Amino acid sequence: MSFIQRMNLRCWVDKARANAVRVAEHPRGTRLVFLLELAGCTVAPLPNALILVGLVTAAPRKWLRFALAATVGSIVGAFALYMIGRLFFQSIGQPLIAYYGAEAQWASAGEWLNSGWGIAFVMFAAITTGLFRIASLSAGLMAMNLPLFLVALGASRCFRWTAECAAIKFVGGRIHGWPTHYFKYAAVGAALIGVAVFAIFTLS
């Protein structure tokens with residue numbers, strides 16, 4: 001029997017839930033969601049959707065605040081990438097594309113933005129994470145209308161986070177009835193929530 005199977009996974013979930021309550025109810029909980037989304041959009045692919053499962057389940061009444069915080073983080077991240085593409089593409093943008101490992105996506109993003117479907121492409125890309133970054137850099141390099149870019153991306157990103165947080169709130173306590181083998185995924189979430197707890201109380 002593997003180590004993960006020998007673990008008391010429900011115990012891990014209970015710990016994750018307790019930690020999630022502490023973070024979710026903290027006055028800076030929404031600020032943490034904003035910072036995690038900003039970092040996830042620009043620096044590294046963080047599993048923010050998984051973290052939001054714990055936070056919204058712990059504090060269902062704050063689901064809209066978490067969704068809006070994630071949306072604002074996305075918009076700020078998109079604006080930063082747009083400006084990098086517009087002003088610092090050679091020095092910062094190209095290394096970022098290599099860091100993301102998205103050279104193939106970069107080529108197709110340019111084609112889409114030049115095809116007349118640029119806004120539709122941006123709205124589709126905003127639903128994802130990896131393509132979101134490339135679309136933002138490409139929009140900056142090609143000098144897409146900035147207000148239009150931010151409105152299109154913000155609307156799509158807001159739809160994504162609002163829908164996800166609303167769905168998590170709706171499901172709520174039903175998660176507790178999951179079969180035992182589902183809880184190995186929650187164990188991963190427990191570790192992530194633990195990191196979030198450490199971060200938020202360090203910054204307090």
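Reader: Hi, I'm new to this one. Are Phe 89 and Trp 106 buried or exposed?

Author: Both Phe 89 and Trp 106 are buried. Keep in mind that this is a predicted model.

Reader: Okay. And how are the rings of Phe 89 and Trp 106 arranged as a pair?

Author: They are stacked, with 5.2 Å centre to centre and 20 degrees between the planes.

Reader: What does that pair tie together?

Author: Phe 89 belongs to helix α6 (residues 89-100) and Trp 106 to helix α7 (residues 103-113), so the pair links parts that are 17 residues apart in sequence.

Reader: How many aromatic pairs does the structure hold?

Author: There are three aromatic pairs. One of them is formed by Tyr 99 and Tyr 100: the ring centres are 5.8 Å apart and the planes are at 50 degrees, so this pair is tilted.

Reader: Why does Tyr 99 count as exposed?

Author: Because its relative accessibility is 53%, and the cut-off for exposed is over 50%. Tyr 100 has 17% relative accessibility, so that residue counts as buried.

Reader: What sits over the ring of Tyr 100?

Author: The charged end of Arg 133 does, 4.8 Å from the ring centre. There's also Arg 160, whose charged end sits over the ring of Trp 161, 4.4 Å from its centre.

Reader: Switching topic: how many residues does the largest nonpolar core have?

Author: The largest nonpolar core has 27 residues. Tyr 100 turns up here too, among those with the most contacts inside this core, along with Val 122, Ile 134, Leu 137, Phe 149 and Leu 153.

Reader: Which elements give two or more residues to this core?

Author: They are α5 (63-87), α6, α7, α8 (118-125), α9 (130-141) and α10 (146-171). Of these, α9 gives the most, with six residues.

Reader: You mentioned Phe 149. What does Phe 149 touch, not counting residues up to four places away in sequence?

Author: With those left out, Phe 149 touches Ala 78, Tyr 82, Val 122, Ala 135, Ser 136, Ala 139 and Met 144.

Reader: And what does the second, separate core include?

Author: That core has 13 residues, including Ile 51, Leu 52, Phe 66 and Trp 161. Trp 161 is the residue whose ring has the charged end of Arg 160 over it.

Terms used: Residues are numbered from 1 along each chain as its sequence is written. This is a predicted model: local features need pLDDT of at least 70, side-chain atom pairs count only at pLDDT 80 or more; totals for chains, interfaces and linings use all residues. Side-chain values use heavy atoms; hydrogens and water are left out. Rings of Phe, Tyr and Trp (its six-membered ring) pair if their centres lie within 6.5 Å; planes under 30 degrees apart count as stacked, over 60 as edge-to-face and the rest as tilted. Helices (H or I, at least four residues) and strands (E, at least two) are DSSP runs, numbered from the N terminus. Buried means under 20% relative accessible area, exposed over 50%, partly exposed in between (1.4 Å probe, protein chains only). A charge sits over a ring if NZ of Lys or CZ of Arg is within 6 Å of the ring centre and within 35 degrees of the ring normal. A nonpolar core is a set of buried Ala, Val, Leu, Ile, Met, Phe, Trp, Tyr and Cys residues joined through side-chain atoms within 4.5 Å. Contact means heavy atoms within 4.5 Å.
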